[in-house]
Amino acid sequence: MQATIVLLPGDGIGPEIVAEAVQVLDSVSGKYQHEFNFIERLIGGCSIDTYGSALTDETLADCSQSDAILLGAVGGPKWDDPQAEVRPEQGLLALRKGLELFANLRPVRVHPSLVEASPLKAEKLSGVDILVVRELTGGLYFGWPKERVLVNGHERAVDTLMYFDFEVRRVVELAFELARGRKKKVTSVDKANVLESSRLWRKVALEVGQENPDVTLDHILVDAASMYLITQPTRFDVVVTDNMFGDILTDETSVLTGSMGLLPSASLGKTGPGLYEPIHGSAPDIAGKGIANPIGTILSAAMLLRHSLNLEEEASAIESAVDRAIADGCRTTDLGGKLNTRQMAGEIISRLV
Ligand code: IPM
Ligand code: MG
């Protein structure tokens, strides 16, 4: 098959890890005789430096015409001034919104040989396999008004937590569909005891639950969920939640695996290209050293093959190669090992069968 993939390496360690994921994709395309055409573009801080904007209209158009997008990370201390008019994160948010990528899939699995790397007790971790489905184009990130105004001489800032019923429905429906291929359990996380938007969320989730009786649905308040994800992680299968809660809970959940550097994500819309990126950030402290863990990005490339190109066998081949490399003891420094970014990717590529 032929596919056009836009690469958005971004800032910090982004270029280093995306380069290795491309090596893996090249190796897969050679083995399975596909033709992947890569187009590289700027996003985030590097785009601000070059164009004065974190995502240009041209880049957004290139992305929307592609088959899939692979992104590294955006942001860094250089662009961190909270007073700045343009910020790297705006690029990522504009891309998610511009392509209507309303569902962000963040799978969290604990590899048996990495149990020791997790701060949690081993007995809590065996069998952890969670898929967080985070709503990505609504809620507090995008609600309006969103402003800073002067009120009686005081500066007042407002962000609005807003959801339409259809925004909730489409992401919850996708969570149910994904649960059907797993353990058939959806946990909807909200704050329905306080927030009106959460009461709408829960009402819609209940409706979708009634329409899909083959899948079990339960509801947990977000504060309790943050506790159970750590104390009883095996009780979860698919977790569906709003944009802000999902942002926070996935950083928390990543701790179970031993390193945030391991976790991939896929951002999907109803149609059009998907966006694939590791869940970690640009890690400015280690940028340029070539020591970042490339696994989160390599597994994101696997998700790209699965969800945007429908290449299930190729996606599984990458995931198995990663599993085997980890089982064989290959470790980057975040996991207490000595391999650098390129060596880790090499170990994975050599295990691709
Ligand atoms: C994430 C990140 C982003 C978010 C930032 C970089 C805007 O934290 O993808 O989880 O908050 O969504
Ligand atoms: Mg985040």
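Predicted model: local features only at pLDDT ≥ 70, side-chain atom pairs only at ≥ 80, totals over all residues.
Student: Which residues are around ligand 1?

Tutor: A residue counts as near a molecule if one of its heavy atoms lies within 4 Å of it. In this model the residues around ligand 1 are Glu89, Arg96, Arg106, Arg134, Tyr141 and Asp247, and by class this shell has five charged residues, one nonpolar residue and no polar ones.

Student: Which polar side-chain atoms lie 2.9 Å or 2.5 Å from an oxygen atom of ligand 1?

Tutor: A polar contact is a pair of N or O atoms within 3.5 Å. Here a polar side-chain atom of tyrosine 141 is 2.5 Å from a ligand oxygen, while a side-chain N or O atom of arginine 106 lies 2.9 Å from an oxygen of ligand 1, and a polar side-chain atom of aspartate 247 is also placed 2.9 Å from a ligand oxygen. Of the 320 Å² of accessible area that ligand 1 has on its own, the protein covers 77%.

Student: Is phenylalanine 166 buried, exposed or partly exposed?

Tutor: Buried means under 20% relative accessible area, exposed means over 50%, and partly exposed is in between. Phenylalanine 166, in helix 6 (residues 165-180), has 47% relative accessibility and therefore counts as partly exposed. Together with Trp144 and Phe164, Phe166 forms a nonpolar surface patch of about 360 Å² of accessible area.

Student: Where does lysine 191 lie, and is lysine 191 buried or exposed?

Tutor: Lysine 191 sits in the loop between strand 8 (185-190) and helix 7 (196-211), and because its relative accessible area is 19%, lysine 191 is buried.

Notes
Residues numbered from 1 in each chain as written. Chains lettered and ligands numbered in written order. Heavy atoms only, no water. Polar contact = N/O pair within 3.5 Å; in protein donor to acceptor, adjacent residues only side chain to side chain. Areas by Shrake-Rupley, 256 points an atom, 1.4 Å probe, with all protein chains shown as cover. Nonpolar A, V, L, I, M, F, W, Y, C, P; charged D, E, K, R; others polar. Patch = residues over 30% accessible without salt bridge, like charges linked within 9 Å, V, L, I, M, F, W, Y side chains within 5 Å. Salt bridge = Lys/Arg side-chain N within 4 Å of Asp/Glu carboxyl O. Helix = DSSP H or I, 4+ residues; strand = E, 2+ residues; numbered from the N terminus. Buried < 20%, exposed > 50% of the residue type's maximum accessible area, 1.4 Å probe, protein only.
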